[in-house]
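Please open the structure in the viewer and keep the selection panel at hand.

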Amino acid sequence: MSSKRPSSGLTTDKARSLRELLERYNYAYHALDTPEVSDAKYDALLQDLRDLEREHPELITPDSPTQRVGASPLVAFGEIKHRVPMLSLDNAFSEQEVRDFDRRVRERLNTSEPIRYSAEPKLDGLAVSATYENGRFTQGATRGDGETGEDITQNLRTIAALPLRLRGKGFPRVLEVRGEVFMPRERFERFNAQAAVRGDKVFVNPRNAAAGSLRQLDARITAQRPLDIFIYGTGHVQDGSLPVTHGQTMQSLRNWGFKLCPESRIVESLEECLRYYEEIGARRDALPYQIDGVVYKVDELELRRRLGFVARAPRWAIAHKYPAEEEITVIRDIEFQVGRTGALTPVARLAPVFVGGVTISNATLHNMDEVERKDVRIGDSVVVRRAGDVIPEVVRVMIERRPASAVKVLLPGQCPVCGSPVVRDEQQAVARCTGGRSCAAQRVEEIKHFAARRALDIQGLGDKLIEQLSASGIVKSPADLWDLQADQLQQLERMGEKSAQKILKSIQASKRTTFPRFLYALGIRDVGEATASALAQHFETLEALQSASKEQIEEVPDVGPVVARNVVAYLQEPENRRLLERLRAAGVTWPAIVRASAAGGLAGKTLVLTGTLSGMSREAAQAAIMDAGGKVTGSVSAKTSYVVAGTDPGSKLKKANDLGVAILDEAGLLELLRSSSRS
Ligand code: 9MJ
């Protein structure tokens with residue numbers, strides 16, 4: 001802790017300018033629903049001011065943004081004074097801060113027992129209050145500054161999820177509930193897409209869409225907005241009583257007709273809170289609404305009363321925040337990357353920004369159609385998004401911030417890497433370099449794809465290394481990998497003898513593969529893993545596939561004329577034929593594809609599962625095999641009929657290879673099950 005020092009003119013100025021900046025951002029965010037900075041940036045500035053004020057308490061003014069919550073009411077709405085203040089929540093940005101919170105709670109309650117909490121997603125919407133008298137909805141209000149909110153009775157009334165009359169009985173004569181109004185993600189996207197078509201204003205995020213919709217003076221406009229509401233607490237209660245815990249109160253509210261968040265639950269300890277945070281975090285993107293954290297609230301209302309609150313936040317609750325998934329930054333440049341099939345992908349070079357837990361400086365713009373549809377220009381301020389492990393992307397442009405100097409990008413006529421002409425298909429959004437393997441970028445990407453985990457899975461041969469090998473001219477084609485010598489590898493930067501030997505070894509090991517993986521590794525346009533697998537199952541051998549006509553290839557399930565044409569074109573190309581010959585000569589092999597026996601399904605067959613299956617659980621696969629009459633065992637022997645290899649297979653795959661046991665991938669297993677049930 002730093003000691004408190006007297007404030008100088010400089011610190012006074014700093015506090016003032018921070019306040020002015022925060023006021024401006026606050027007004028733009030709350031009153032205009034048009035944020036000027038991201039939430040994370042705002043939070044960081046507010047934290048700076050809090051720190052400054054903690055060190056120099058004499059600088060605190062009553063109107064400092066640290067001393068109030070939210071914006072003052074819009075004058076056009078009537079004001080409503082909250083009979084019970086509408087509290088906001090303190091934030092925790094780390095596990096440690098949550099542990100500190102729990103410790104403070106137990107210290108104040110003088111207990112070492114675990115505390116029971118309500119754990120709830122923290123919706124990113126607008127907090128509201130709804131009052132019922134004799135079971136009828138009479139008044140709706142925003143939080144406003146926590147003491148006084150805006151009268152949005154007519155607007156709230158338009159939200160279908162909010163009951164106008166309570167069901168059942170036993171509710172207090174006067175009952176005020178509190179909750180969050182939000183726009184579900186899917187509805188938000190649909191709404192924005194329609195607004196864009198009409199040329200109307202689009203909302204920056206679902207939160208602003210909800211706030212902007214509720215703040216309509218004309219409730220008929222609100223009624224057209226796809227809003228939803230979850231109730232998460234109560235306020236003023238008169239002539240009647242509620243249960244003694246939050247959990248039981250929520251159950252009563254549910255019975256009276258309120259909509260609650262289905263993910264909320266009661267947990268028994270701090271550790272369970274932290275597990276809840278991880279669990280909800282992992283599913284964050286799959287939830288139908290936007291959340292920015294989870295909330296933990298002491299469940300027992302008597303304990304809450306004893307804990308009380310400080311300033312505007314209760315001591316009995318805390319919001320545990322997730323890293324922001326969307327941020328605002330500036331596009332410095334737009335460049336084109338050339339992929340394996342020559343496709344040109346526009347990539348935005350960004351002013352570095354911290355989002356989704358990492359700093360990013362590039363985001364994909366997918367293709368030119370997307371650039372045109374979103375009207376993205378160099379110099380634009382944009383919302384970028386990075387969620388989970390997905391590639392960061394530009395979500396939308398903040399048109400209102402476009403500088404006069406913003407520059408449109410055009411599709412280049414020539415490949416930026418090799419100079420070959422670029423063509424853009426009439427129906428296709430994709431533009432392609434026509435250079436083929438004469439283009440260095442396409443060559444490198446072909447090798448990367450070939451070596452990738454789901455293809456030949458050459459461990460240790462990463463993208464960077466392939467780029468080095470390609471740039472130095474040592475490896476020009478996937479087939480060159482088998483001619484690599486240790487001294488060639490050792491010439492490269494940061495490559496010792498040991499690493500070089502290890503890579504050579506894994507290149508050798510990758511020779512033993514499966515037919516589907518091999519087909520996929522070739523990188524034939526539009527032939528993904530599923531198609532590769534279907535082709536392998538159907539033709540069984542490379543020779544059979546090579547001599548098949550386009551029409552014969554079209555007979556494969558789910559293979560259409562375009563894919564069939566691409567396959568034939570690839571296999572007929574002399575350069576590709578040479579590549580296949582060289583790969584076979586280098587010793588790339590796979591076990592023969594074995595078909596299911598015609599009679600009796602899988603009766604008498606023994607299967608071993610290894611690795612992770614993407615489309616089904618191991619239990620489901622096991623059940624399906626047993627249903628078809630087969631047996632599943634844990635270890636591979638010469639008697640094993642098939643080894644089913646998912647991603648990251650273990651040593652069982654190697655053993656199967658060594659023993660010459662037939663290997664299926666997931667698609668192969670499905671095909672086997674299908675053909676067994678047919679017979
Ligand atoms: C949200 N935003 O989902 C609270 N909240 O409780 C939940 N907000 C809250 N609870 C007391 N689930 C004050 C705010």
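**First stop: helix H12**

Select residues 440–451, helix H12: at 1.5 Å a residue, its 12 residues should span 16 Å, and the end C-alpha atoms are 17 Å apart, which agrees. Please note that the model is a predicted one.

Next, consider the surroundings of this helix. Nine of the 12 residues of H12 are buried, so the helix is largely enclosed by the rest of the structure. To display them, select Ala441, Gln442, Val444, Glu446, Ile447, Lys448, His449, Phe450 and Ala451.

**Second stop: the ligand**

Now select the ligand and show the residues that surround it: Leu87, Leu89, Glu120, Pro121, Lys122, Leu123, Glu180, Tyr232, Val295 and Lys297. This shell comprises six nonpolar and four charged residues, with no polar ones.

The side chain of Lys297 places an N or O atom 2.9 Å from a nitrogen atom of the ligand. In Glu180, a polar side-chain atom lies 3.2 Å from a ligand nitrogen atom. At Pro121, a backbone N or O atom is 3.4 Å from an oxygen atom of the ligand. On its own the ligand has 340 Å² of accessible area, of which the protein covers 90%.

Finally, select strands E3 (117–123) and E10 (291–298), the elements that give two or more residues to the shell. Strand E3 gives the most, with four residues.

Definitions and conventions. Residues are numbered from 1 along each chain as its sequence is written. This is a predicted model: local features need pLDDT of at least 70, side-chain atom pairs count only at pLDDT 80 or more; totals for chains, interfaces and linings use all residues. Side-chain values use heavy atoms; hydrogens and water are left out. A residue is near a molecule or strand if one of its heavy atoms lies within 4 Å of it. A polar contact is a pair of N or O atoms within 3.5 Å; within protein, one must be able to donate a hydrogen and the other to accept it, and residues adjacent in sequence count only if both atoms are side-chain atoms. Accessible areas come from the Shrake-Rupley method with a 1.4 Å probe; for residues, only the protein chains shown count as cover. Ala, Val, Leu, Ile, Met, Phe, Trp, Tyr, Cys and Pro count as nonpolar, Asp, Glu, Lys and Arg as charged, and the others, Gly among them, as polar. The expected span of a helix is 1.5 Å times one less than its number of residues. Buried means under 20% relative accessible area, exposed over 50%, partly exposed in between (1.4 Å probe, protein chains only).
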